[in-house]
Amino acid sequence: MTRKGFLTFPAGFIWGTATAAYQIEGAWDKDGRGMSIWDTFTRQPGRIQDGSNGDVACDHYHRWPADLDLMAELGLKAYRFSIAWPRILPEGTGKVNQAGLDFYSRLVDGLLERGIQPYVTLYHWDLPQALQDQGGWPQRTTAESFGEYSRVVGRRLGDRVQHWITHNEPMVMAYLGHLLGQHAPGVQDLMAALATAGNLLVSHGLAVQALRSVCPANAQVGITLNLSPVHPASETDLDRQAALRHDLATNRLFLDPVLKGSLPDELAELLGPLLPQLSPADLKVISEPIDFLGINYYSRTVVRHAPDSPLHQVAQVQPSGSEYSQMWEIYPDGIRELLTRVWKDYGATYSRGLRLLVTENGICVPDGVDYDGRVRDYRRIRYLRDHLGALWQAMQEGVPLDGYFVWSFPDNFEWAFGYTLRFGLVYVDYATQQRIVKDSGHWYAKVIRDNGLDTRPGGAFLPL
Ligand code: FCB
């Protein structure tokens, strides 16, 4: 039902926010936590823009009760967070650190007490350093260790956590971590990047199996992929083919194995000997049936043919005339295009019936605290409003979308950018750890209360 200018969402729509362990927790050496590849990486000079690290971050490890109170005040229905593998298994495998499990167990209880559903991500990039020392993701043994870790967590939290996400954005781990070296572990090696992609996929399947074996039958298990519609920079054949290649190497490399149990033939042609070595048995594990697909959407990708570029001869282009955030082009219709495409190409034909979730969407803009203590982040409100509008449109076009998670709840450690970029609905003063709900946070609370979106001019700009 639609009042003029007001978009209503289905009853029970899941309104949430998302974070990741290394970006918010801090307490890097507390209660038996082992080292992760991000602890190592951030200590290498020149890796992080402001020379910072996640040692303290938002100190969420200690401040979680107050953070959860704030989430409850805003009326959030769900909270997506990740578990730090090195808190659970400091050496990556073997001895379980009960104190680590206890922390997440308290967090889950705290959420449920406040009526907020936990959505748990098992891996958001913080591999135990001990496993990196044995070769890391390019080694198949790391995938097996991930299965073991998933079982340990599922066994402890499965009685209360219903929604599980195995991996966050395996593409970023593969390419930014192992090809471009911009993320931990900082490797620059084409073979390693594609071996990583293959092993992450296998580890996803092993984690699905592990969770199904230890969690109650109603557990909902999925994976989160960062997907982006790929557009050619021009209508020339060369650019159009470049766009198809980029779609294969970034989107379809993950979508097809997980949801169809195969690697696209065109990808095999494109990558030749670099193609991840996946046997039929591996593909069966990778395509273990899931309940939902999580999609992270921030922007579209525009590319041109670039014969000298490694991997697939493609270069990214920043179209002129567009609006940009500090990081990406702002392109709201991309979320509609992406959701309808994923649904048509993968969801509608998925035998078991697939649900979709937007597990991240958000923007970094230079926020500041005004004289009266408010953070008037109107550009964030506009970004979220326009993306929610496009997403609503996708739902009208038949996409079964269950929920939407804003990245992020508090400002936090933005990987290679350190603390220079702010994505939160909640402003964090890192010197004092004070939290201030930004205007976008108040606005989002109203969207949740209304279960809908006021798109009238001015409507979205009256949050209080
Ligand atoms: C995504 C990551 C998340 C955050 C946002 C801005 O790629 O999953 O941790 O860094 O981008």
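Trainee: How much space lies in the largest pocket?

Mentor: This is a predicted model, in which local features need pLDDT of at least 70 and side-chain atom pairs count only at pLDDT 80 or more, whereas totals for chains, interfaces and linings use all residues. Residues are numbered from 1 along each chain as its sequence is written, and side-chain values use heavy atoms, without hydrogens or water. A pocket is an open set of points on a 1 Å grid over the protein atoms alone, where a 1.4 Å probe fits, with protein on both sides within 12 Å along at least five of seven lines, and its lining residues have an atom within 4 Å of a point. Taking volume as the space filled by probe spheres set on the points, the largest pocket holds about 1300 Å³.

Trainee: Which helix gives the most to the lining of the largest pocket?

Mentor: Helices are DSSP runs of H or I with at least four residues, and strands are runs of E with at least two, numbered from the N terminus. Helix 10 (237-260), strand 9 (301-305) and strand 10 (314-316) are among the elements that each supply at least two lining residues. The most, four residues, comes from helix 8.

Trainee: Where does the ligand sit?

Mentor: A molecule sits in a pocket if more than half of its atoms lie within 2 Å of the pocket's grid points. By that criterion, the ligand is in the largest pocket.

Trainee: Which side chain has an N or O atom 2.6 Å from an oxygen atom of the ligand?

Mentor: A polar contact here is a pair of N or O atoms within 3.5 Å. The 2.6 Å pair involves the side chain of Glu169.

How values were computed: Polar contact = N/O pair within 3.5 Å; in protein donor to acceptor, adjacent residues only side chain to side chain.
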